[in-house]
Amino acid sequence: MKVAVGPDPSLVYRPDVDPEAAKDKGSFRNYTSGPLLDRVFATYKLMHTQQTVDFVRKKHTQFGGFSYKKMTVLEAVAMLDGLVDESDPDVDFPNSFHAFQTAEGIRKAHPDKDWFHLVGLLHDLGKVLVLAGEPQWAVVGDTFPVGCRPQASVVFCDSTFQDNPDLQDPRYSTELGMYQPYCGLENVLMSWGHDEYMYQMMKFNKFSLPPEAFYMIRFHSFYPWHTGGDYRQLCSEQDLAMLPWVQEFNKFDLYTKCPDLPDVDELRPYYQGLIDKYCPGVLSW
């Protein structure tokens with residue numbers, strides 16, 4: 001059964017495309033036209049109204065103990081077959097295929113970095129939150145810092161934040177809001193979703209991946225930062241040093257979304273080996 005809970009604001013919108021044709025890069029993340037646009041907009045409207053400092057802190061408390069489920073990485077990948085991301089204008093097939101597509105794209109381009117291949121498989125596993133009953137607007141979609149005024153490159157910025165109570169609060173409604181200049185993204189409270197959940201889950205379960213991997217997972221949906229060029233006033237030197245890694249990952253996350261689905265059974269043993277190396281066994285989710 002495919003689970004869909006409310007519209008979501010994160011993915012890109014997919015115009016009608018000849019499935020035989022390779023997708024032109026300009027047609028990804030098209031938020032201005034197409035059959036899924038209403039669904040995507042509605043998801044972002046909910047997200048940008050309800051993602052507040054208080055809401056995000058409550059979600060960290062709710063999920064920070066990682067008591068939802070015990071399962072392996074590949075069991076989580078299999079769970080994603082029940083989910084189609086409503087915020088993604090580009091994809092109407094299950095997320096598990098996108099996970100393997102992304103991983104294989106990275107593997108071809110970076111054959112010597114096996115940890116990077118694994119990031120491709122892991123990056124969207126936080127979407128299991130939808131299957132745990134969370135609304136899509138609190139799981140998928142582009143992320144942004146709460147506790148300060150949204151910047152111009154946040155998707156639908158001008159039309160979706162007017163009912164967010166934080167923007168009526170003088171503590172949270174300036175460019176810096178509750179933050180110090182150049183405080184570092186590790187000190188910034190990001191909107192709650194699959195990126196933040198998975199990053200915290202990886203730390204909790206002590207994944208033995210390099211720091212670049214944790215940045216890619218935590219910030220791959222932070223389009224206003226890695227693509228829009230905004231929020232530099234919050235970044236430390238380390239954030240800016242990690243930015244090219246997040247941008248490199250994003251090329252594979254975005255442009256491997258094609259209808260040619262991978263042979264998952266053939267690929268599974270390779271990725272099981274990487275899981276055994278970096279994040280083995282039954283994990284706490």
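Predicted model: local features only at pLDDT ≥ 70, side-chain atom pairs only at ≥ 80, totals over all residues.

1. In this note, two residues are in contact when heavy atoms of theirs lie within 4.5 Å.

2. Overall architecture. The protein holds 12 helices and 2 strands.

3. Burial and surface. Of the 285 residues in the protein, 59% are buried. The accessible surface amounts to about 11700 Å², and carbon and sulfur atoms account for 53% of that area.

4. Contacts across the sequence. When contacts between residues at least 6 apart in sequence are considered, 79% of them join residues at least 24 apart.

5. Annotated site. The unreviewed UniProt entry carries a "binding site" annotation that covers Arg29, Asp85, Glu86, Ser87, Lys127, Gly141, Asp142, His220 and Ser221. The annotation is taken from that record and may be inferred rather than shown by experiment.

6. Setting of His220. Where does His220 lie? His220 is placed in the loop between α9 (211–219) and α10 (223–226). Although it belongs to a loop, His220 counts as buried because its relative accessible area is 2%, and the cut-off for buried is under 20%.

7. Neighbours of His220. Residues up to four places away in sequence being left out, His220 touches His123, Asp124, His194, Asp195, Tyr215, His226, Val246, Phe249, Asn250 and Asp253. With one of these, Asp195, the side chain of His220 forms a polar contact of 3.2 Å.

8. Thr49. This residue is situated in helix α1 (residues 37–50). The Thr49 side chain comes to 2.8 Å from the backbone oxygen of Lys45. Apart from neighbours within four places in sequence, Thr49 is in contact with Thr160, Asp163, Asn164 and Pro165.

9. Cysteines. How many disulfides does a search of the whole structure find? The search returns 0. Cys157 is classed as buried because its relative accessible area is 14%, which is under the 20% cut-off. Cys279 is likewise buried, with a relative accessible area of 1%.

Note on methods
Residues numbered from 1 in each chain as written. Heavy atoms only, no water. Helix = DSSP H or I, 4+ residues; strand = E, 2+ residues; numbered from the N terminus. Buried < 20%, exposed > 50% of the residue type's maximum accessible area, 1.4 Å probe, protein only. Polar contact = N/O pair within 3.5 Å; in protein donor to acceptor, adjacent residues only side chain to side chain. Areas by Shrake-Rupley, 256 points an atom, 1.4 Å probe, with all protein chains shown as cover. Disulfide = S-S within 2.5 Å.
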